[in-house]
Amino acid sequence: MTVSVANDMSIFSLVAGASLPVQLVLVVLILTSLFSWWYIFIKLATIKRAESSAEEFEAAFWAGGDLNKLFDSLGAGRRKTQGMASIFEAGFKEYVRHKQQSRMEVSDVMEGARRAMRAAYNRELDNLDAHLPFLASVGSVSPYIGLFGTVWGIMNAFRGLSNVAQATLSQVAPGIAEALVATAIGLFAAIPAVIAYNRFASSVDRLSVRYESFMEEFTNILQRKS
Amino acid sequence: MMIRAYEKDVSWQAGVWAIGVHLLLLAALLLSFNWKATPPMLNVAEVELWDSLPALEPPLPVTPPVETPPPAVVKEAPPPPPEKVEAQAAKAPEVDIALEKKRKELEQKKAAEQLKKELALAQKKQLAALQAEARKEEMQNSDKLLKENKANETLKKLQQEALAEERAATEQAVASDKSAKSAASTGVVDEYRSKIQAKIRGNVNKSLCATANPELKFDIALLPTGEMTGLPKLLKSSGNKACDEAVERAIMASQPLPVPTDGLAFSQFRNLKLTFRPND
């Protein structure tokens with residue numbers, strides 16, 4: 001009786017012993033997992049930043065100071081304004097410009113400011129939504145990629161059995177273990193991506209609602225001024 | 001293209017974090033796989049074969065082996081008592097719970113009544129009556145307890161008796177087994193040895209061995225099924241290579257060899273040194 005025992009079942013020997021398609025699948029999955037985690041951390045930081053800056057700006061805005069001063073202080077910063085501040089900047093700039101042309105109707109001025117704010121809002125929302133589609137597709141597709149690798153590996157493992165008269169578990173076990181690594185990595189990529197996608201989508205929704213209500217309120221204030 | 005302009009300042013940090021997470025995963029994988037790499041798998045095959053022994057050919061009628069007395073007859077008597085014991089033991093806790101409940105109720109009653117005492121003297125009589133009742137109940141309860149204790153004791157006695165019987169039975173069986181084995185083991189080993197020799201002899205091409213009746217010695221490793229785990233090892237040659245090979249072929253051809261089904265007796269056959277004379 002020949003007993004061949006795979007004593008070396010470490011992860012490296014498993015991966016090294018896998019067939020080429022399985023290795024390719026593993027490489028693809030590790031890359032997607034790296035990217036999705038990278039985006040997750042980027043989005044965590046940027047969304048947090050957008051939330052805190054919105055908070056800050058709302059506090060400054062509703063403190064009741066002069067709007068011209070607020071506008072100047074925003075422009076003084078070296079960085080390009082972001083989030084709610086950029087919406088305010090766009091709207092206020094447009095409003096001031098229209099006001100200087102004294103022949104314009106109030107409704108036209110308001111319309112112009114609204115349009116400018118809408119454009120800035122769309123830009124902001126686009127920034128907030130960045131990478132979310134990637135996370136969504138990683139969450140839904142990478143389990144399938146992993147499954148593909150696993151099925152391929154198991155097919156190979158069983159095909160190897162056909163030439164052997166007496167099939168033992170030790171002949172298939174390494175193949176199946178190596179194939180299952182693909183599923184494990186696929187799941188490792190997918191689970192955080194799905195969780196992050198759901199979380200970020202809801203945060204972006206909340207932020208966009210906040211921006212929109214700010215736009216409405218700011219329009220009202222401008223209308224009162226003119 | 002992959003990241004927005006406003007994300008550049010956090011991208012490095014995020015990249016480091018992402019790589020850290022993956023290193024963590026790798027570490028977890030490495031650790032868990034190292035745990036599983038150690039368990040030896042070689043012994044499994046040997047152990048499993050014991051259970052599914054195929055029925056070997058019945059022993060030869062020439063020298064009937066000393067049969068070990070079947071211990072099953074003695075063993076079958078004891079089992080019934082434990083069932084009873086269990087059934088009655090199951091009742092006991094229920095009664096206990098009921099008792100406790102009653103006691104608690106009684107205690108509550110007493111407390112309430114002592115409050116009443118302070119409030120109204122007229123109820124004293126009633127109280128006394130109630131207390132008497134309570135005492136009566138308590139007495140009854142204690143009676144019950146006593147009875148139960150008695151029942152428990154008898155149950156214990158029964159159990160112990162049953163256990164003692166069982167122990168005696170197994171001891172008897174073991175003793176008889178042992179005596180039978182010590183007496184039989186040498187006989188059984190010799191018997192099977194001669195059976196193996198006879199089976200091999202039938203397969204030997206005797207014309208290859210000289211008429212001088214040389215003696216050969218082989219080392220054979222056997223499985224409980226009577227099959228060999230490897231090739232027979234020649235320990236002592238007959239001096240004639242053709243004869244050695246003929247005997248070796250005969251050993252291979254006479255698989256499965258007759259071996260005792262008994263595990264204890266078989267242990268002598270795991271590594272069998274077989275002396276063999278082809279012309280006996």
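This is a predicted model: local features need pLDDT of at least 70, side-chain atom pairs count only at pLDDT 80 or more; totals for chains, interfaces and linings use all residues.
Residues are numbered from 1 along each chain as its sequence is written, and chains are lettered from A and ligands numbered from 1 in the order in which they are written.

Let me start with chain A, whose secondary structure comes to 7 helices and 0 strands, where helices (H or I, at least four residues) and strands (E, at least two) are DSSP runs numbered from the N terminus. Of the 226 residues in chain A, 32% are buried; a residue is buried if 20 or more other C-beta atoms, placed from the backbone, lie within 10 Å of its own, exposed if 12 or fewer, and partly exposed in between.

Now to the pair in my opening question. The axes of α4(A) and α5(A) come within 8 Å and cross at roughly 155°, with axes taken as lines fitted to C-alpha atoms, for helices over the stretch in contact, and angles running from 0 to 180 degrees between N-to-C directions. The two helices are therefore roughly antiparallel to each other, since angles over 145 degrees count as roughly antiparallel, under 35 as roughly parallel, 65 to 115 as roughly perpendicular and the rest as oblique. Among the residues that make the contact are A:Ala90 and A:Gly91 of α4(A), together with A:Gly112 and A:Ala113 of α5(A); two residues are in contact if their C-beta atoms, placed from the backbone, lie within 7 Å.

Staying with α5(A), its 24 residues, 106-129, should span 34 Å at 1.5 Å a residue, and its end C-alpha atoms are 34 Å apart, which agrees; the expected span is 1.5 Å times one less than the number of residues. The buried residues of this helix include A:Val109, A:Met117, A:Tyr121 and A:Leu128, and what covers the buried residues includes α2 (20-62), α4 (84-100) and α7 (169-225) of chain A.

Just after α5(A) comes A:His131, with a positive phi of about 75°, in the loop between α5 and α6 (132-161) of chain A. A:His131 is itself buried, with 23 other C-beta atoms within 10 Å.

Chain B has 7 helices and 3 strands, and buried residues make up 12% of its 280 residues. Here 3 strands form an open sheet in the order β2-β1-β3, with antiparallel pairing, and strands are said to pair if DSSP finds at least two bridges between them. The edge strands are β2 (233-236) and β3 (271-276) of chain B, each pairing on one side only, and the twist averages 30° from one strand to the next. Strand β1(B), residues 216-221, pairs with β3(B) over 6 bridges, and B:Phe218 has B:Leu274 as its bridge partner in β3(B).

Helix α6 (residues 241-253) of chain B packs on that sheet, touching β1, β2 and β3, and its direction makes about 30° with that of β1(B). Finally, in the loop between α6 and α7 (263-266) of chain B we find B:Pro256, and the peptide bond from B:Gln255 to B:Pro256 is cis, with omega near -10°.
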